[in-house]
Amino acid sequence: MSFLWLHRVVVLSDIKLIQEAGNREELIGRNFIEYQALKRGSVDPLNMDKFPGVIWSRGNTWQEQRRFSLQALRDLGFGKNRTEEMVLEEVADLSTYLDSTNAEPINIRSKLNIAILNALWRITTSEKLSYDDPRLKRILVLLDDVSHQFGSPINALLFSNKIVLVLAEQIGISALGSLFTELGKYVREIAKPLEAAFQSDCLTNFVEHYLKMAKEQEQSGEMQSFLGKEGQSNMVNVIIDLFIAGSETTSTTLHWAMLYMILNPDIQRKVQDELDEVFGKGHQPTTSDRAKTPYTEAVIHEVQRLGNVAYRAIPHSAEKDCYLSSGHFIPKNTMILCHLESLMKDPEVFPEPDKFDPVRYLDSKGNFKPHPRVVPFGVGRRRCLGENLARMELYLFFTGILAKFNLERAFPDDKITTDSLYGFVKYPKAYNLRFIPRL
Ligand code: HEM
């Protein structure tokens, strides 16, 4: 146990304890001070049980909003699988852009961010935006800022003292509160036309699913967190949370994937050979034949192990005093960090843990076997709720790009490393690469 500024923190690196922190009722809380609740438009900023949204909420609000969000994302993926269609259109747009680079060296980071955010925007609103749309660009800047703010030591104060944070905002060394205020304004603007045109028999996006749920709850009155002002605040904050949790995590994983492909050209060729055989050369893969591409699956799994973008998951908080099964005492309000890296780089489990080696996950017949210690989406009841969507996006973007382009370092003698930078996510140092059309 140690202290981060004034706050008590415990870092867990043992699989059993991480599973415990993921599943025990008293260890799956979140602790975010009231000041943030105010900036997020909470109906009652002094009551942490009313903290809106899903990432930092707790109690009934969290349970209701999480259950709903999981179901809505699932429903949007069913039937004609609109979600996959929308993601595929974004992959096609990105390919068009990559073609236009004429194999010149580029840093692909911002384009990956925009493509993934655009896919999320469509899932949320059905609206398709161009890469140049000012709203999309502004939201990207805000999300990038939120990520950097979360990574900065000054914001560790967030978890310690409200007065210090207010002061930090006033003298301009923290801007998290105002970023949330602006994000909230954008999301309200997104939702307004959808509310005006809402018809409950035709649900094509996340906002419409939310509106339907809110109407049903008005009748039954069962779930408080969907009603009145509280419901409105939750809708806005759940959407902000999906943007925060779902965009940079996914795009940064893809950025790592591109990096590992230029560092391992033989592995890149093997993925392309497999995709060519299953889907035909240059054709966009879809998830229906995903099971026929075990090598590609293993490569994505290894990218997620080593990229490990959500390196410290999202801090949990102890809801009351308790003992871990190891005998350690955890006082109420202790911040609990689950150090996923310790699990995914354990040399006892993954020999030569820094080596990029997808064969770790292939059995003797070449079948893909995901490793139970590769847990990039976290563990337990707070585990990532966008996991299925993220897995689909990673597969479609990664395979879509490799089906059409050879990825090469910008210049043969470029020094490219796998060193990391840290914000809300762990991302690679800037690097350039070329996308050379395969056909
Ligand atoms: C490769 C991409 C992604 C990775 C690696 C990732 C990883 C994680 C991790 C480690 C957590 C924390 C688990 C915990 O607190 O114990 C989390 C939570 C969360 N993720 Fe993801 N995530 C990804 C993509 C997404 C997407 C696409 C969405 C939705 C659109 C999403 C939505 C969320 C939400 C809402 C939470 C909070 C869940 C809760 O508190 O109940 N994530 N994610």
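Leaving aside neighbours within four places in sequence, M258 is in contact with I108, L407 and L433, where contact requires C-beta atoms, placed from the backbone, within 7 Å. Residues are numbered from 1 along each chain as its sequence is written. The model is a predicted one: local features need pLDDT of at least 70, side-chain atom pairs count only at pLDDT 80 or more, and totals for chains, interfaces and linings use all residues.

M258 also belongs to the largest nonpolar core, which has 105 residues. A nonpolar core is a set of buried Ala, Val, Leu, Ile, Met, Phe, Trp, Tyr and Cys residues joined through C-beta atoms within 7 Å.

I turn to the ligand. It is surrounded by 27 residues, the closest being A245, G246, G378, C384 and G386; the criterion is a C-beta atom, placed from the backbone, within 6 Å. Two or more residues of this shell come from each of α10 (228-246), α11 (248-263) and α15 (387-404). The most, four residues, come from α10. By class, the shell has 16 nonpolar, seven polar and four charged residues.

Next, helix α12. Which residues of α12 are buried? They are V271, Q272, E274 and L275. These cover an arc of only 160 degrees around the axis, which puts them on the same side of α12. On the other side, D266, D273 and E277 are exposed. The cover over the buried residues of α12 includes α13 (294-307) and α15. Just after α12, G280 takes a positive phi of about 95 degrees.

Finally, two loop residues. Most residues other than glycine have a negative phi. S126, in the loop between α5 (109-125) and α6 (134-151), has a positive phi near 75 degrees. S126 is partly exposed, with 17 other C-beta atoms within 10 Å. E352, between α14 (340-344) and α15, has a positive phi near 45 degrees. With 9 C-beta neighbours inside 10 Å, E352 counts as exposed.

Key: Nonpolar A, V, L, I, M, F, W, Y, C, P; charged D, E, K, R; others polar. Buried ≥ 20, exposed ≤ 12 C-beta atoms within 10 Å, placed from the backbone. Arc of directions from axis to C-beta. Contact = placed C-beta atoms within 7 Å.
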